[in-house]
Amino acid sequence: MFRRNGSQCVATFAIDEVRVLRKVAGEVVGLMTDGFEHGDPVVDRLFPDIYPDNPDDSAEFRLYTEGDLKTGKIDQAGAILASLPDDGPGEVRLDAETAEAWLRAINDARLAMGTRLDIQADTDLSEELDDAVVHDPGSSRVFQLSVYAYLGYLQESLLNALPEGR
Amino acid sequence: MLDVHNKGKAVVTTGAREKMEMDASSLHGYGLWATVDRA
């Protein structure tokens, strides 16, 4: 979890955390590149139609904005990959700009996972996790829900570690 | 912004169409579900 150190946000990650974060950031990049397809609920969540009742106008608008939006999201996920140790535990130190990229990328990853896991505003995450464990403790849903919850804690710790007055 | 919390949506900006589209796109950059509506 992140803490403030001078003007930086600092966290020490265990090897499992580094691997999970690399995987998650890599999946965001994958979604923006090879996996990019409208009609996929995750893509539609991250790139909503600007005019819900007018597909033509929405599509035209996309033409001008989607590229930049996508590039931004790839760069932000890339910022996570660039600041993590290659493979192993280690310390990460983020300046304000990189911290913002991390926050945006974690947010994208959570939105993507939340959509896949069908998490709604009123979903009780610990209840959901308990159900999944009872159903099959070794399932990928248990893993995904745990990662989703972990990203939430990480996001909160990074927000709290940001230098004030921004 | 309390409207977002209570109703799930809120009007966050108003103006000409081009400006609205730009604002919506910026909000998409933050992962927010932003659409443009005619007033």
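Modeller: Let's begin with classes: Ala, Val, Leu, Ile, Met, Phe, Trp, Tyr, Cys and Pro count as nonpolar, Asp, Glu, Lys and Arg as charged, and the others, Gly among them, as polar. This is a predicted model, in which local features need pLDDT of at least 70 and side-chain atom pairs pLDDT 80 or more, while totals for chains, interfaces and linings use all residues. Residues are numbered from 1 along each chain as written, chains are lettered from A and ligands numbered from 1 in written order, and side-chain values use heavy atoms, without hydrogens and water.

Colleague: How many charged residues are in the lining of the second largest pocket?

Modeller: A pocket is an open set of points on a 1 Å grid over the protein atoms alone, where a 1.4 Å probe fits, with protein on both sides within 12 Å along at least five of seven lines; lining residues have an atom within 4 Å of a point. Here 14 residues form the lining, and A:Glu27, A:Ala112, A:Met113, A:Arg116 and A:Gln144 lie nearest the centre. By class, 10 are nonpolar and one is polar, and the number of charged residues is three.

Colleague: Which helices of chain A supply at least two residues each to that second largest pocket?

Modeller: Helices are DSSP runs (H or I, at least four residues; strands are E, at least two), numbered from the N terminus. In the second largest pocket, at least two lining residues each come from helix 1 (15-32), helix 2 (41-46) and helix 4.

Colleague: And how many charged residues line the largest pocket?

Modeller: Its lining has 21 nonpolar and 12 polar residues. The charged residues there number 10.

Colleague: Is A:Asp118 buried or exposed?

Modeller: A:Asp118 sits in the loop between helix 4 and helix 5 (125-135) of chain A. Though not a glycine, A:Asp118 has a positive phi of about 60°, and most residues other than glycine have a negative phi. Buried means under 20% relative accessible area, exposed over 50%, partly exposed in between (1.4 Å probe, protein chains only). Because its relative accessibility is 53%, A:Asp118 is exposed.

Colleague: What percentage of chain B is buried?

Modeller: Chain B has two helices and zero strands. Of its 39 residues, the buried share is 23%.
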